[in-house]
Amino acid sequence: FIGKSKYLEKLRIFSWGEGGNIEAFMEGINHNQSITRLHIDTNLGGLCFRNLRPFFRNNHNRLAELELNNFEVGLECAQSIAFALGEGQCQSLKYITIERCNLSDEGFARIATTLRIQPQLERLRLECNNIGLGGCTALGETLQGWGTSNLTILDLDKNPIDDQGLQELVAGITNAKLEELWLSNTLITGAGL
């Protein structure tokens, strides 16, 4: 169904049972050309994200929103996500949400580096991902590389970002059209602000 549908615009995956035929499911997604919003709320694993590369390549610039929530993203999975985003060059992608996935500095740095080819992004939500100085440095460099940015919302709530991490971000966000910057429950002090 998914691969043949010309009308399916939003696909949300909340869970995937043990022993399910995930390869056939991924094949269906890869053949779909109508999905504009893909939300994954379960761990499909790094292999599955690598298997989604054809979707990002063949989506004909329709994907506008990618959301990954509530599962542990290890380094291998983060690399696969970064590779899929980098290979696809989805110029239609406006919103990326990766929340409560415990990306880590190293994992997020891989993704942030890939985002250099996504200057059209408007919203980047990264709440609760264990992003610290390394992730802030990579994101700051990416945002700075965009020049004038379309980014209006940057959510970094509940990450161990300190004053130094904030300073790494500042250079990148000065040219952004930033309307909302979320930094609650971080390690940033009044002196850092």
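Reader: How many salt bridges does the structure hold?
Author: The structure holds nine salt bridges, a salt bridge being a side-chain nitrogen of Lys or Arg within 4 Å of a carboxyl oxygen of Asp or Glu. This is a predicted model, in which local features need pLDDT of at least 70, side-chain atom pairs count only at pLDDT 80 or more, and totals for chains, interfaces and linings use all residues. Residues are numbered from 1 along each chain as its sequence is written, and side-chain values use heavy atoms, with hydrogens and water left out.

Reader: Which residue does E99 pair with?
Author: E99 forms a salt bridge with R100, with the closest N and O atoms 3.4 Å apart.

Reader: And E127, what does that meet on the R100 side?
Author: The side chains of E127 and R100 meet in a salt bridge at 3.8 Å, N to O. This pair links distant parts of the chain, 27 residues apart, with E127 in the loop between β5 (123-125) and α6 (133-145) and R100 in the loop between β4 (95-99) and α5 (104-114); helices (H or I, at least four residues) and strands (E, at least two) are DSSP runs, numbered from the N terminus.

Reader: Where does K158 lie?
Author: K158 forms a salt bridge with E127, the closest N and O atoms being 3.7 Å apart. K158 lies in the loop between β6 (153-155) and α7 (163-173) and E127 in the loop between β5 and α6, so the pair ties together parts 31 residues apart in sequence. Through shared partners, salt bridges join E99, R100, E127 and K158 into one network.

Reader: Changing topic, is E127 buried or exposed?
Author: E127 counts as buried at 14% relative accessibility, where buried means under 20% relative accessible area, exposed over 50%, and partly exposed in between (1.4 Å probe, protein chains only).
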